[in-house]
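Welcome! Take a look at the picture, then read on.

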Amino acid sequence: MEGQQEKQVTGYLLFSLGTAVIGSLQFGYNTGVINAPEQKLRSFFNDTWMERYGEPISPGICTIVWSVAVAIFSVGGMVGSFSVGVMANRFGRRRSMFLVNSLAVIGGLLMGFSTICSSYEMVIAGRLVIGLFCGLFTGLTPMYVGEVSPTPLRGAFGTLHQLGVVVGILIAQIFGLEGLLGSEKLWPLLLALTVAPAILQCILLPFCPESPRFLLINLKQEEQARKALVRLRGSEDVSKDLQEMKEESAKMAMEKKVTILELFRSPSYRQPLLVAVMLQLSQQLSGINAVFYYSTGIFESAGVKQPIYATIGAGVVNTIFTVVSLFLVEKAGRRSLHLLGLGGMAISALLMTISLLLKTLPGMSYVAITAVMLFVAMFELGPGPIPWFIVAELFSQGPRPAAMAVAGCCNWTANFLVGMSFPKLVELCGPWVFLIFTTFLILFFIFTFIKVPETRGKTFDEIARSFGGAPPPTSSSVEDPPASASAATTLPASPVKEKVPLVEAPAAAPPPAAETTPLEDKSNSTVQESV
């Protein structure tokens, strides 16, 4: 079996996956890029204000403009995440990625020319467009990666999305150095640099195949799907892949698709939906984005002499622990790791508060750095990847698209609220601000301990029983199978990962567990058999 798997990993497959993951890297880059040039941007806001009104901008208004520039990214993400299913279904996966890159070019140019045009509104508009672009790509990349990967390796390759995100954050932090693009004159270029990978991806995409699954299930082009599979697998015998897609399509068509309204109305979905939403909120309200967006300022407050290098260190730790979590999640279980992550983050947030309060004492800057590193490491072990796992595993194929859309919207909304409120909270609370996140983390820890079931290695039946009820009924009659299959194929692509961060959860699971990409979720077969 191992020999077969190795044979399926061809150079062409790796090229196609690498091209798609440029989108994940873009998401990470645009999440992290706004952090380093904070003071330059505030200075630019002030200069523009002086030019227009002949007086300096007040600190309060400056903070509001800065908060909007950071947080408007999430508004674009919310809109983009809801549009993925429709776009991927209409244009196909590959062409959608190609078209969406135009948004990256528009957003990058708006931000790049903002100083020439003396318009801070262009920075905000550029961040909104880039957010829309990232919201779309947090669905498109995992979707494409899942659909071109061989089934036994789908979970492993699914983790490439999350890895792309954290590497993108790290690249943004490095380029944000004063000696590179983080200087007074070059920061617009730092923000506009997102245009380069967009153009590169547009050049490479025509050499990648369309998703064989899209060709077979949505377009009914079996011969085209076979040709794409032959190139991707490096073998003429792809009948097993084709048969598997046909069976999965038939099984997906058998389960009634659930709308968002039905999801909220049905008592049988209420408990799993509550868990899914709370876990998404635990990811964002943990304060991780506050640390990523404002880490340079946090280190500066703690008395670190070169805060940007400490921020880059946090990016390196982020990348390392993303890789570590891939190996742990199937051994330790989702619930255990989530609890460990939340508990570790709460302790780190307390340490951060202490280090900021006692920053005049010698050595406290090192405590601040350690606390941020530990905070980031604990996030990547649990609250980073796991909420997306559990959403995919709590719901069968019928309600999963609606559940993913609701969960994704909650995630982006919480991201927006944290981005908007954190600078104001810092002004109001000072060093005590991280106690707010500590309180949230403790509440989410208690909720997870009491309410969240362990889903590793369980069928949908077993998970439903752990909520004290039977699995929701499915539609036994197939009324229009192609439409159902198509909807089930494309709708779940809300911003998985999201996030940031997103997340594609690293599930190389045994057959009963759900795999990373909701649309490709192999647990579907288990669900259908059990139902």
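## Salt bridges

Let's begin with a pair of charged side chains: Arg42 and Glu38 form a salt bridge, with their closest N and O atoms 3.1 Å apart. The term means that a side-chain nitrogen of Lys or Arg lies within 4 Å of a carboxyl oxygen of Asp or Glu. Both residues belong to helix 3 (residues 38–53), where they sit four residues apart, about one turn of the helix. Helices here are DSSP runs of H or I with at least four residues, numbered from the N terminus. Are the two partners buried or exposed? Arg42 is buried at 18% relative accessibility, and Glu38 is buried too, at 11%. (Buried means under 20% relative accessible area, exposed means over 50%, and partly exposed is in between, using a 1.4 Å probe and protein chains only.)

Before going further, please note that this is a predicted model, in which local features need pLDDT of at least 70 and side-chain atom pairs count only at pLDDT 80 or more, while totals for chains, interfaces and linings use all residues. Residues are numbered from 1 along each chain as its sequence is written, and side-chain values use heavy atoms, leaving out hydrogens and water.

Asp241 is buried, with 11% relative accessibility, and Arg233 is buried at 4%.

Now turn to helix 20 (residues 400–429), which holds Glu427 and Lys424, three residues apart, about one turn of the helix. These two form a salt bridge whose closest N and O atoms are 3.5 Å apart. Glu427 is partly exposed at 45%, and Lys424 is partly exposed at 32%. Elsewhere, salt bridges with shared partners link Glu223, Arg226 and Glu236 into one network.

## Aromatic rings

How many aromatic pairs are there? The count is twelve. Rings of Phe, Tyr and Trp (its six-membered ring) pair if their centres lie within 6.5 Å; planes under 30 degrees apart count as stacked, over 60 as edge-to-face and the rest as tilted. Phe27 and Trp412 have ring centres 5.9 Å apart and planes at 50 degrees, so this pair is tilted. Phe27 is in helix 2 (residues 11–32) and Trp412 is in helix 20, so the pair ties together parts that are 385 residues apart in sequence. Phe27 is buried at 1% relative accessibility, and Trp412 is buried at 2%.

Phe440 and Phe444 make a stacked pair, because their planes are at 20 degrees, with ring centres 6.2 Å apart. They are four residues apart in helix 21 (residues 433–451), about one helical turn. Phe44, Phe45, Tyr120 and Trp187 form one aromatic cluster. Tyr120 also has Arg52 over its face, at 4.9 Å from the ring centre. (A charge sits over a ring if NZ of Lys or CZ of Arg is within 6 Å of the ring centre and within 35 degrees of the ring normal.)

## The nonpolar core

Phe45 is also among the residues with the most contacts inside the largest nonpolar core, which has 94 residues. Such a core is a set of buried Ala, Val, Leu, Ile, Met, Phe, Trp, Tyr and Cys residues joined through side-chain atoms within 4.5 Å. Helix 6 (residues 120–148) gives the most to this core, with 14 residues. Apart from this core lies another, of 23 residues, including Leu273 and Phe447.

Key
Helix = DSSP H or I, 4+ residues; strand = E, 2+ residues; numbered from the N terminus.
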